[in-house]
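Reader: I would like to go through this model and ask what lies behind the labels. Please show it first.

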Amino acid sequence: MKHTPLIAVAFLGAMLFACSKDKSAPVLKTASLNDTTWRMTGYTIAFGPVNGPATGTNNFFQSYSNDPTIPCLGLNAFTFTAAGKVLWTQEPRGCSMVSNFVSSDWGTWSVNNAQTQLTVNSPQAGAGRSAMPVVYAVPGAYNYTISSTTLTLSASYIYGQKQDSLKVDRAIFTRQ
């Protein structure tokens, strides 16, 4: 009986805590891509088993070029127009995953209702895939985050003959 007041106080405290205002997680807010231009500044590819940690990471932004002091992937600019087009401009010495292109009306773009996935449709990508010229085509859409200065695209997908490997692409672009 001595502990009854202590138990009552603890119970009352728990009830008050449960009734306090819920602090919900902040809502993800993304800026619009309309009429913005971006240049690649980083691209990594991590890989490993499907059910385990990454076993390796390739800094593809640096290693893709024959001259890593001037990453040729960074000599590409992309404009996302308000009309839903992706325009690609490649500077001299630029390079990409796609051959024989220098600049083009690359394709179309759209985001999902939650503004967390970016789909980039292009004849170069293939059905059901998204592709930017400087990033490998991925199944479905890219996950994306955006700030006033940075756009990050990422995708995780399973590959291999036994479908036992996981690849995670992460590309970073800076607003121009």
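Reader: What percentage of the residues of the protein chain count as buried?

Author: The model is a predicted one. Of its 176 residues, 35% count as buried. The accessible surface of the chain is about 10,700 Å². Carbon and sulfur atoms hold 58% of that surface.

Reader: How many helices and strands are there, and what pattern do they follow along the sequence?

Author: The chain has two helices and eleven strands. Their order is α-β-β-α-β-β-β-β-β-β-β-β-β. Take the contacts between residues at least 6 apart in sequence: 46% of them join residues at least 24 apart.

Reader: Why is Asn76 called buried?

Author: The cut-off for buried is under 20% relative accessible area. Asn76 has 0%, so Asn76 is buried. Asn76 belongs to strand 3, residues 76-80.

Reader: What makes the pair of Asn76 and Gln90 side chains a polar contact?

Author: The distance limit is 3.5 Å between N or O atoms. The side chains of Asn76 and Gln90 make their polar contact at 3.1 Å. Beyond its sequence neighbours within four places, Asn76 also has contacts that include Trp38, Arg39, Trp88 and Val134.

Reader: Why does Arg39 count as buried?

Author: Arg39 has a relative accessible area of 19%. The limit is under 20%, so Arg39 is buried. Arg39 sits in strand 1.

Reader: Which side chain does Arg39 meet in a polar contact, and what else does Arg39 touch?

Author: The side chain of Arg39 joins that of Glu91 in a polar contact of 2.8 Å. Residues up to four places away in sequence aside, Arg39 touches Asn76, Glu91 and Phe173, among others.

Reader: Which residues touch the most other members of the largest nonpolar core?

Author: Phe80 and Phe173 do, in a core of 34 residues. Phe80 is buried, because its relative accessible area is 1% and the cut-off is under 20%. Phe173 has contacts beyond four places in sequence that include Trp38, Met40, Phe78, Val135 and Leu151.

Reader: How many aromatic pairs are there?

Author: The count is six.

Reader: Why is the pair of Tyr43 and Phe60 called edge-to-face?

Author: Two values decide this. Ring centres must lie within 6.5 Å, and planes over 60 degrees apart count as edge-to-face. For Tyr43 and Phe60 the centres are 5.4 Å apart and the planes stand at 80°, so the pair is edge-to-face. Tyr43 is in strand 1 (residues 36-49), and Phe60 is in helix 2 (residues 60-63). The two are 17 residues apart, and the pair links distant parts of the chain. Both Tyr43 and Phe60 are buried.

Reader: What makes the pair of Phe80 and Trp109 edge-to-face?

Author: The planes of Phe80 and Trp109 are at 90°, with 5.8 Å centre to centre. The angle cut-off is over 60 degrees and the distance cut-off is within 6.5 Å. Phe80 lies in strand 3 and Trp109 in strand 5 (residues 103-111), so the pair ties together parts 29 residues apart in sequence. Trp109 is buried, because its relative accessible area is 14%.

Reader: Which residues do ring pairs link into a cluster?

Author: The cluster holds Tyr43, Phe60, Tyr64 and Tyr136. Lys167 lies over the face of Tyr136, 4.7 Å from the ring centre.

Reader: Where do Arg93 and Gln163 lie, and what is the phi of each?

Author: Arg93 lies in the loop between strand 4 (85-90) and strand 5. Its phi is near 70°, a positive value in a residue other than glycine. Gln163 lies in the loop between strand 10 (150-159) and strand 11 (165-175). Gln163 is not a glycine, yet its phi is positive, about 50°. Most residues other than glycine have a negative phi.

Reader: How far apart are Ala82 and Leu33 in sequence and in space?

Author: Ala82 and Leu33 are 49 residues apart in sequence and 7.8 Å apart in space, C-alpha to C-alpha. Ala82 is in the loop between strand 3 and strand 4. Neighbours within four places aside, Ala82 is in contact with Asn34 and Asp35.

Terms used:
Residues are numbered from 1 along each chain as its sequence is written. Side-chain values use heavy atoms; hydrogens and water are left out. Helices (H or I, at least four residues) and strands (E, at least two) are DSSP runs, numbered from the N terminus. Buried means under 20% relative accessible area, exposed over 50%, partly exposed in between (1.4 Å probe, protein chains only). A polar contact is a pair of N or O atoms within 3.5 Å; within protein, one must be able to donate a hydrogen and the other to accept it, and residues adjacent in sequence count only if both atoms are side-chain atoms. Contact means heavy atoms within 4.5 Å. Accessible areas come from the Shrake-Rupley method with a 1.4 Å probe; for residues, only the protein chains shown count as cover. A nonpolar core is a set of buried Ala, Val, Leu, Ile, Met, Phe, Trp, Tyr and Cys residues joined through side-chain atoms within 4.5 Å. Rings of Phe, Tyr and Trp (its six-membered ring) pair if their centres lie within 6.5 Å; planes under 30 degrees apart count as stacked, over 60 as edge-to-face and the rest as tilted. A charge sits over a ring if NZ of Lys or CZ of Arg is within 6 Å of the ring centre and within 35 degrees of the ring normal.
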